[in-house]
Amino acid sequence: MTDQNGTIESHPLTGDDDGATYAPSAEFRAQANVNDPSVYWRAAEDPEAYWADQASKLKWTKPFTEVLDWTNPPFAKWFQDGELNVAANCLDRHVAAGIGDRVAIHFEGEPGDTRTLTYAELTHEVKRAANMLTSLGVSAGDRVAIYMPMIPETIIAMLAVARLGAAHSVVFGGFSAESLRARIDDAAAELVITADGGYRKGRVSALKPTVDDALALNGGEGSVQKVLVVQRCENDVEMQEGRDLWWHEEITAYDGEHTAQGFPAENPLFILYTSGTTGKPKGILHTSGGYLTQVSTTHRDVFDLKPETDVYWCTADIGWVTGHSYVVYGPLANGATQVVYEGTPETPDWGRWWSIIQKYGVTIFYTAPTAIRACMKIGRQVPEQYDLSSIRVLGSVGEPINPEAWRWYREVVGAGTAPIVDTWWQTETGAIMISPLPGLTALKPGSAQVPQPGIAATVVSESGEPVPNGQGGLLVVQRPWPSMVRTIWGDDQRFIDTYWSKFGDVYFAGDGARLDEDGDVWLLGRVDDVMNVSGHRLSTAEIESALVEHTSVAEAAVVGADDATTGQAVVAFVILKSQQTQLTADDAEPALKKHVAAQIGAIARPRQVFVVTELPKTRSGKIMRRLLKDAAEGKEIGDTTTLADTAVMQTISARMREELGNK
């Protein structure tokens with residue numbers, strides 16, 4: 001139970017015990033898409049047959065005869081002799097099936113403007129956009145960068161690019177000019193699609209000026225030939241003649257007649273950049289047939305989707321993989337009706353999400369634990385003002401959800417009855433890998449629980465041996481899966497080194513996990529130096545590099561410290577150059593926070609920046625970030641015997657205790 005402030009009290013089934021499970025009701029199980037437990041062993045017995053059956057639910061312009069080619073691990077090919085058009089599977093086939101008048105998107109703008117697009121209307125707009133992009137020279141194999149807010153044109157742009165057999169690289173609208181330019185250059189994109197701005201937290205967040213700044217870096221535009229600009233906020237922007245074009249002006253010349261061509265199943269669909277431990281973002285490459293097979297299957301089965309009656313809402317931004325898989329491709333491939341919201345949950349007040357659920361009768365709601373904890377902090381009295389009785393399935397994504405937040409989510413948002421599917425997956429996996437199936441699984445608050453049918457995921461020791469129930473280790477995937485990353489764009493060796501070098505032809509996810517006594521999976525977070533801040537993966541090396549680029553900083557160490565709201569928060573320790581006069585110890589924190597936000601983006605802004613005289617290092621010069629993390633979390637400092645100077649950590653620890661004690 002929770003009080004009016006969202007504070008967790010004892011649960012009626014368990015008292016203070018976290019061991020309760022929540023089995024599906026007989027009514028829910030009876031109507032569930034998947035309610036036969038034999039699906040697990042049948043898929044395990046012949047996974048290729050299972051995935052071939054799922055793939056056959058898509059429309060193939062050339063049927064596949066080979067399911068999986070794993071002759072050159074770790075480079076998998078799924079359905080490689082088959083051909084399909086991803087956009088046509090999300091659009092045209094639904095219109096042809098007679099459901100063109102079904103709503104595809106209920107769009108809710110942050111200022112309160114709305115749009116509704118049926119499948120027929122969305123198909124028409126994507127065809128027009130495909131014709132427009134063709135006139136701008138986009139064809140199969142090209143790359144198009146997309147830097148957009150959460151508006152329908154973003155989805156239209158992605159689908160138009162996919163329709164032409166080109167690959168999109170969507171960059172989250174919060175990234176800086178430097179980060180955007182690095183991604184444009186790595187993908188060698190010739191076209192950028194952006195908007196004048198988007199609405200966020202009650203104001204205009206300009207986007208086109210960031211594109212201009214990005215393209216001015218490094219001596220000019222580089223590979224970019226054209227910039228296509230959607231008019232969203234009507235904020236003043238500069239349009240460079242010969243390069244910049246207004247979307248609404250250009251598209252008027254094109255009609256909605258466009259025949260979709262089939263492309264090979266392994267044709268690149270998108271490149272999505274994710275943080276890497278070396279500081280350089282990794283371009284994760286996903287292809288077409290296998291990816292669409294798994295995102296449509298998991299979207300249908302994990303959320304128990306009934307496309308004729310459900311209204312689905314995933315709150316993720318399209319700039320992240322969750323937005324790709326569970327806002328664009330999964331829901332549209334399944335003919336779902338969904339809500340797309342531009343803004344933040346607290347604008348104009350903390351009732352915004354709940355009012356949208358009430359307005360559209362949302363039945364399936366998928367969001368991040370960070371957002372749930374923020375809503376808990378405000379208190380249950382806010383959602384209780386709204387009618388949330390339409391909700392029948394809840395989902396969680398981005399990081400492990402703590403049991404307290406899980407129970408609050410179920411009780412306050414799900415009326416104490418809606419099952420919660422806690423999903424584990426990554427940019428690299430492309431689709432959900434571990435999650436309950438709501439018609440089968442007895443739910444455990446805080447656990448992702450069960451690998452999906454056809455997925456061979458387990459927990460192993462450092463030597464690669466499976467751990468027994470009740471023990472922890474490293475999460476691995478033992479055999480290929482359809483939506484898996486194919487490579488790191490332009491860097492096959494980095495792909496091998498990053499994901500496959502530890503255990504050979506077994507994929508290492510980079511996450512720690514444990515198996516409970518029942519064999520269910522509990523995620524423990526990253527085992528490398530990548531932080532998970534509000535579901536966004538950020539590299540410590542990338543942030544450290546940005547800090548050291550400041551003229552006053554000599555050295556920096558960054559850790560992810562536990563945070564009640566964001567899961568983890570960025571905490572930085574810096575040494576200032578002795579001869580510099582620009583920053584004092586007192587004014588360094590705000591200046592360096594601003595600097596990191598400008599270099600990488602606001603999502604990487606440190607929660608705290610501490611100026612220190614030394615960093616804890618081993619005799620070989622390695623910074624002991626583990627000790628800094630302990631200090632940042634106010635914990636007792638662990639073993640310091642390997643440090644070259646043990647007094648350094650004593651000083652930092654005393655300073656941190658003082659800081660934390662003053663809060």
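I count two strands as paired if DSSP finds at least two bridges between them. Helices (H or I, at least four residues) and strands (E, at least two) are DSSP runs numbered from the N terminus.

**Ground rules**

I am working with a predicted model, where local features need pLDDT of at least 70, side-chain atom pairs count only at pLDDT 80 or more, and totals for chains, interfaces and linings use all residues. Residues are numbered from 1 along each chain as its sequence is written, and side-chain values use heavy atoms, with hydrogens and water left out.

**Entry: a hairpin**

I started with strands β9 (residues 197–200) and β10 (residues 203–206), which run antiparallel and are joined by 4 bridges. Arg200 has Arg203 of β10 as its bridge partner. The two strands make a hairpin with 2 residues between them, and Lys201 in the turn has a positive phi of about 55°.

**Entry: the open sheet**

Next I traced a sheet: 7 strands form an open one in the order β5-β4-β17-β16-β18-β19-β20, with mixed pairing. At its edges I found β5 (114–118) and β20 (420–422), each of which pairs on one side only. From one strand to the next the twist averages 15°. For angles, axes are lines fitted to C-alpha atoms (for helices, over the stretch in contact), and the values run from 0 to 180 degrees between N-to-C directions.

Strand β4 (residues 103–108) runs antiparallel to β5, and 5 bridges join them. In that pair, Glu108 has Thr114 as its bridge partner in β5. I also looked at helix α15 (residues 403–413), which lies across β18 (364–367), β19 (393–396) and β20, running at about 155° to β19. Contact here means heavy atoms within 4.5 Å.

I looked up two cis peptide bonds. The bond from Pro73 to Pro74 is cis with omega near 10°, and Pro74 sits in the loop between β1 (68–69) and β2 (77–78). The bond from Thr347 to Pro348 is cis too, with omega near 0°; Pro348 is in the loop between β17 (337–341) and α13 (352–360).

Then I checked positive phi values in residues other than glycine. Phe79 has phi near 55° and is placed in the loop between β2 and β3 (83–84). Ala188 also has phi near 55°, in the loop between α8 (177–187) and β8 (191–195). Is Phe79 buried or exposed? Phe79 counts as buried because its relative accessibility is 0%, while Ala188 is partly exposed at 32%. My cut-offs are under 20% relative accessible area for buried, over 50% for exposed and partly exposed in between (1.4 Å probe, protein chains only).

**Entry: the cores**

A nonpolar core is a set of buried Ala, Val, Leu, Ile, Met, Phe, Trp, Tyr and Cys residues joined through side-chain atoms within 4.5 Å. The largest has 156 residues, and those with the most contacts inside it are Leu159, Ile193, Trp247, Tyr329 and Ile543. Helix α7 (residues 152–163) gives the most to this core, with 8 residues. A second, separate core of 31 residues includes Ile357, Ile372, Leu394 and Trp406. Leaving out residues up to four places away in sequence, I found Leu159 touching Ala87, Cys90, Leu91, Val126, Val328, Tyr329 and Leu332.

**Entry: a buried lysine**

I finished in helix α6 (residues 119–135), at Lys127. Lys127 is buried yet has no salt bridge, and its nearest side chain of opposite charge, Asp92, is 4.0 Å away. A salt bridge is a side-chain nitrogen of Lys or Arg within 4 Å of a carboxyl oxygen of Asp or Glu. Lys and Arg count as positive and Asp and Glu as negative, with His and the chain ends not counted.
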